[in-house]
Amino acid sequence: MGGNGMIKQQNGKVNGLNGRLNGKHAKKDSWKDDFYESFEETPLVVAIITYLAFGILVVIGHIKEYYRVYIKWEKRAANEPGHEDFVPLYASWESFYTKNVFRRIKDCWIRPISSCAGAEFEVLEIVTRDYGWNYNLTGRKIPALNFGSYNYLGFAENKGPCADAVEVTTMEEGVGVSASRQELGYLDIHKELDDLMAEFLGVEASVTFPMGFATNSMNMPALVDKGCLILSDELNHASLVLGSRLSGATIRVYKHNNMKDLEKKLSDAVVHGQPRTHRPWKKILIVVEGVYSMEGSVVRLPEIIALKKKYKAYIYLDEAHSIGAMGPHGRGVVDYFNIDPRDVDVLMGTFTKSFGAAGGYIGGTKRLINHLKVNSHSAIYACAISPPVARQIIHSMKIIMGRDGTTLGQKRIRQLAWNVRYFRRRLQELGFIVYGNKDSPVVPMLIFLPSKIAAFNRQALERGLGTVVVGFPATPIIKSRARFCLSAAHTKEMLDKALVIIDELGDELCMKYSRCPPRVFSEDAIKLIE
């Protein structure tokens with residue numbers, strides 16, 4: 001395909017380091033035997049109470065707005081700060097929701113930390129004196145377990161072999177290159193990283209970028225344009241949504257992980273073609289994620305590949321949360337499902353999670369990668385990856401691959417897998433509603449009520465547990481949640497301490513909503529790796 005349609009399947013030889021590529025593939029659909037995800041329905045009473053809670057907040061907010069405007073009884077500090085003759089920062093509903101709902105609990109999302117974001121960290125205490133518009137540091141440092149960072153394999157550390165290698169690279173090559181890849185910013189360390197990434201993925205070639213978000217948003221417009229169709233999962237990340245919109249292609253959204261809905265939209269696209277003209281689509285691109293970061297679910301990749309082959313479409317797979325964290329060799333959901341990476345046309349991922357660094361990559365055929373190198377805005381205009389960051393990625397990847405001469409990489413992968421199953425099982429046994437796949441390192445626990453979002457976050461931190469809470473509009477209005485991110489750096493003692501805190505708060509805040517019996521896994525499946 002010419003122009004910006006350089007996604008093309010090839011049967012050429014690729015590197016054979018993807019673990020199972022050279023062996024026999026599993027029996028068709030055998031993956032379903034061990035594929036388990038939990039999405040328990042919201043109890044009806046809880047849903048009604050949650051709607052009422054939001055309704056009460058809105059009513060009280062309107063009453064306060066009336067008094068602000070006409071009676072001016074509230075202190076001036078409670079109003080949005082601004083300047084004369086300037087329009088408000090927020091408009092209409094945004095302004096209302098920000099002032100009367102979000103501002104009350106904004107501290108849950110803006111706390112800075114003052115240490116390395118490892119298994120444990122220190123959180124700086126903040127206070128507000130103007131009703132949540134501004135916050136000040138008190139100087140107090142709160143030690144806590146870190147269950148909020150995407151430090152899946154524990155490489156976000158300030159000591160050890162990776163930190164030592166980064167220190168050497170910083171002294172030899174400096175901190176930045178001050179140029180893009182095409183303008184004297186492409187160093188030998190970038191070439192080493194590109195080649196190693198392709199080898200790790202088991203593809204012909206790869207290209208790396210300095211920012212994970214831009215890897216999606218700035219590269220998708222180079223792959224599809226007007227006359228092309230994007231079929232996007234409804235829960236895809238904002239970077240994929242933005243990249244799809246910037247491309248100019250037609251976008252159709254299908255229900256999350258629903259293969260019947262996806263096939264219906266594929267068949268309709270093939271049969272009916274483009275609107276009005278009914279000409280065939282130039283390309284049909286299926287855009288999915290490996291692990292969905294808000295639901296903890298895993299893409300049903302084998303079925304999507306089958307549909308792709310049936311309808312002659314292409315796949316764009318975002319492995320930001322699965323690369324390093326999924327599969328027996330840490331190579332993502334492709335490795336997890338024992339799939340030939342050549343069946344996925346565009347393999348994308350980031351270095352910000354499992355590798356403890358920054359940036360992103362795209363892997364595929366040489367033709368695809370060469371096209372992106374000369375057409376991607378992120379490759380042309382963005383500064384190349386910092387050499388120390390590139391060294392962090394390379395060294396951590398070599399540890400995962402066993403190139404350092406140790407089994408540390410495999411131990412981290414297995415420890416993460418054990419931690420995930422153990423933590424999920426214990427939460428379910430305690431009576432919490434837990435979403436997602438049994439092997440997903442992202443563990444959402446449903447909270448529901450808006451008042452409990454702040455209560456759980458604040459009280460958990462005071463007891464020594466730092467985590468992330470998420471509510472409307474980032475989630476559906478009745479599905480507010482706490483999101484735990486597991487790490488290979490977490491010990492069993494850390495997991496048990498966190499579970500004790502969660503259990504206590506679950507009783508105090510009445511958050512144990514589950515009515516389903518916990519899923520029982522075999523002892524072999526959760527056996528601790530020595």
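Ile230 stands opposite Ile251 in strand 6. This pair belongs to a predicted model, where local features need pLDDT of at least 70, side-chain atom pairs count only at pLDDT 80 or more, and totals for chains, interfaces and linings use all residues. Residues are numbered from 1 along each chain as its sequence is written, and side-chain values use heavy atoms, with hydrogens and water left out. Helices (H or I, at least four residues) and strands (E, at least two) are DSSP runs, numbered from the N terminus.

**Strand 5 and its partners**

- Strand 5 covers residues 229-233 and pairs with strand 6 in the parallel sense, over 5 bridges. Two strands pair if DSSP finds at least two bridges between them.
- Leu231 has Arg252 of strand 6 as its bridge partner.
- Strand 5 also runs parallel to strand 7, joined by 4 bridges. Here Leu229 stands opposite Ile284.
- Is strand 5 enclosed or open to the outside? It is largely enclosed by the rest of the structure, because 5 of its 5 residues are buried. Buried means under 20% relative accessible area, exposed over 50%, and partly exposed in between (1.4 Å probe, protein chains only).
- In a regular strand, side chains alternate between the two faces of the sheet. In strand 5, Leu229, Leu231 and Asp233 point one way, while Ile230 and Ser232 point the other way.

- Axes are lines fitted to C-alpha atoms, for helices over the stretch in contact, and angles run from 0 to 180 degrees between N-to-C directions.

- Strand 3 (residues 136-146) pairs with strand 13 in the parallel sense, over 2 bridges. Asn146 has Gly466 as its bridge partner there.

**Helix 14 against helix 15**

- Helix 14 (residues 450-462) and helix 15 (residues 492-508) pack at about 140°, with axes 10 Å apart.
- The two helices are therefore oblique to each other. Angles under 35 degrees count as roughly parallel, over 145 as roughly antiparallel, 65 to 115 as roughly perpendicular and the rest as oblique.
- Phe456, Gln459 and Ala460 of helix 14 meet Ile501, Ile502, Leu505 and Glu508 of helix 15.

**Around Gly185**

- Gly185 sits in the loop between helix 3 (161-173) and helix 4 (188-201).
- Gly185 counts as buried because its relative accessibility is 0%.
- Beyond its neighbours within four places in sequence, Gly185 is in contact (heavy atoms within 4.5 Å) with Val177, Ala179, Ser180, His190 and Ala384.
- Gly185 and Ala384 are 199 residues apart in sequence, yet their C-alpha atoms are 5.8 Å apart in space.
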